[in-house]
Amino acid sequence: MRHAPHAAYSISRSRALLASLRLAVLSFLADPQWLVPSMIAPVIFGLVAYELFLGSGPWFVIYAILGAGMMSMWGQTLYGSGWATGQDRELGTLEPTLSAPTPYLYVVFGRVAWNTVSGLLGGAIVFVVVAVTYGHPLPIVDPVAFALLFAVVIVSLASVGIVLSAAFVYTRYAGFIQNVGEFAFYVGTGCMFPVVLLPFWTTPFALIFPPTWALDALRYQAIPGYHGLPWGFAWDLLGAVVTTSAYLGAAGAVFRRVEHRVLEIGDLSDY
Amino acid sequence: MTDAIETHDLWRTFESRKGFFFNELVHTEALRGIDLQVDRGEIFGLLGPNGAGKTTLTKILSTLLLPTRGSARVLGLDVATQAHALRPRIGLVLGGERGLYNRISARENLRYFADLFGIPVERRDRRIREVLDWVGLTDAGDRRVEEFSRGMKQKLHLARGILHEPELLFLDEPTIGLDPKSARETRKLIRGLVANGVTIFLTTHYMFEAEELCQRIAVLTRGRIVARDTVAGLSRLVGGDRTIEVEGYGFEDAEVGAVKRLPGVSHVVSEEFGPRLRLTLRVRTPELTWETVKATLPGHPELALRERRTSLEDIYLDLVEEEA
Ligand SMILES: Nc1ncnc2c1ncn2[C@@H]1O[C@H](COP(=O)(O)OP(=O)(O)OP(=O)(O)O)[C@@H](O)[C@H]1O
Ligand SMILES: [Mg+2]
């Protein structure tokens, strides 16, 4: 075989992102086990929530359904992103991937992109199944605004997922951290019920996470008469944008730092 | 032109935690002052027993691990500070079954890494066909990697390692776990690469493999290089060309001592085989006869002697044993 040293290839970040997205899709198709936690479980929760809250009026229903949709997106977008990096470590693919000249961050971006799409899909499925099962569409005040805010929520989740992935590059014990932190995050960001229902001292912690802001904004928009964080919809939205941008902006530096640190401690593979 | 590899007093310490509460900090000195120089275009062999530090050194040189102390230059670039410039120019093949995406096909695995390495899109598919063909996996290219045998996975690793046409390839135990036929095929592939001008840094447990492939060899034991030479030079290192094996039903320490003091005997290794004991003598002079050896061990009518050429494997074991 001809082997001519050496051709200087140019590294394209968008290409690495697309390659990673493609790998994520292929892996999902090859093993759709995530269907259960990310699509099927939320649908069941959604149906149960509908039955439970039906007597309390349509806005309670949408409130509950939102929670179920969030569950799906949490699973896909946030949990899935970190999990994939943990999987890389387990498979032994983290080393060859890091030895490629493309920064690992773009590989993570690609995965998060897929997880975002499938998370949206999961959320949509919950809505559709509930609507079809009970034979009437859910009341949505302004579908366009709703869709836009939904996208903001997803991106805010993704931004956390990206930063969380760095923890999985850093240490093989990140799965443990994530599992412990999952519940706190789940409740703290108001995935299932609003943060204002939590003890007051938890709010500052919850506000560190972009989804807290984004979700509260979504609820203000979707549920008339909703009482969430005291500063209301506009500040919620601004907070979501600011915190999400901060996470995304920090991601590059976090990854550079983590990639360097992990080469120092030598904890890249599982054996 | 700069050397392919050059290291100065390279150290690497690992810190790990042990004990029930992970409260016990353990320091492992995996590398203790490595000085190494590898020419361009050669196959350099790094030999050593388990835990010697071979993988650690390979990872440092391939930018996957930072040295604790000392410096290393690969293709003229510093592995710690110029890793980004270095990575596209080197390839890495870590032995074993891990390191591949099992649920997708061999071709998809290669495509993914081709994209990460920035192989031009118009060349990518052709290059993937080339490397699959090179390792003999053309027909299996569209099968999922989880269906692959160990040998096939190892070949796929090799294909990925050269996908981006590196100038220097690191091979960490490339034939580990392969049957003799596959191992031979792999060695043939490696020789083919060198014929094309690729420099190879290879680690192995097997002296015969290093002997067959490498121009120069370094022996690593417990983080230190205990010998570094050409194959011929190594043969001269520990003793002469003769190896005499003496077998009997147990020898007194005094008897072994007497054999060690025989003129021309440079090294004696004793091994037990059930009730029998074998002394392996490295002998420098042609003068030492079997009769002299027998005379040193009187009262052993069962004594059996055998002489053979000293192999590099013998020398390697001597070296590793001396250090331990
Ligand atoms: N990540 C790590 N954390 C802690 N100790 C490590 C780590 N990696 C290697 N070591 C230790 O460093 C030493 C050298 O290990 P290394 O894997 O380099 O040896 P090796 O020569 O490749 O062995 P083998 O032939 O078994 O592959 C060993 O004592 C090992 O336990
Ligand atoms: Mg090793």
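Begin by selecting helix H2 of chain A (residues 35-53), which supplies seven residues, the largest share, to a nonpolar patch; helices (H or I, at least four residues) and strands (E, at least two) are DSSP runs, numbered from the N terminus. The model is predicted, with local features needing pLDDT of at least 70 and side-chain atom pairs pLDDT 80 or more, while totals for chains, interfaces and linings use all residues. Residues are numbered from 1 along each chain as its sequence is written, chains are lettered from A and ligands numbered from 1 in the order in which they are written, and side-chain values use heavy atoms, without hydrogens and water.

**The patch on chain A**

Next, select A:Leu35, A:Val36, A:Ile40, A:Ile44, A:Val48, A:Leu52, A:Phe53 and A:Phe60, which together make a nonpolar surface patch of about 720 Å². Accessible areas come from the Shrake-Rupley method with a 1.4 Å probe, and for residues only the protein chains shown count as cover.

Then pick A:Leu52, which lies in helix H2 of chain A. A:Leu52 is exposed, with a relative accessible area of 63%; exposed means over 50%, buried under 20%, and partly exposed in between.

**Ligand 1**

Move to ligand 1, which lies between chains A and B. Of the 14 residues around ligand 1, those that come nearest are B:Gly51, B:Lys54, B:Thr55, B:Thr56 and B:His205; a residue is near if one of its heavy atoms lies within 4 Å.

Display the polar contacts, pairs of N or O atoms within 3.5 Å:

- B:Thr55: a side-chain N or O atom is 2.7 Å from an oxygen atom of ligand 1.
- B:Thr56: a polar side-chain atom lies 2.5 Å from an oxygen atom of ligand 1.
- B:Glu173: a polar side-chain atom lies 3.2 Å from an oxygen atom of ligand 1.

On its own, ligand 1 has 630 Å² of accessible area, of which the protein covers 68%. Strand S2 (24-38) and helix H1 (54-61) of chain B are the elements that give two or more residues to the shell.

**Helix H1 of chain B**

Finally, select H1(B), the source of the largest share of the shell around ligand 1, three residues. Seven of its eight residues are buried, so H1(B) is largely enclosed by the rest of the structure. Among the buried residues are B:Lys54 and B:Thr56. After H1(B) comes B:Thr63, with a positive phi near 70°.

Methods. Patches are made of residues with over 30% relative accessible area and no salt bridge: like charges are joined within 9 Å, nonpolar side chains (Val, Leu, Ile, Met, Phe, Trp, Tyr) within 5 Å. A salt bridge is a side-chain nitrogen of Lys or Arg within 4 Å of a carboxyl oxygen of Asp or Glu. Buried means under 20% relative accessible area, exposed over 50%, partly exposed in between (1.4 Å probe, protein chains only). A polar contact is a pair of N or O atoms within 3.5 Å; within protein, one must be able to donate a hydrogen and the other to accept it, and residues adjacent in sequence count only if both atoms are side-chain atoms.
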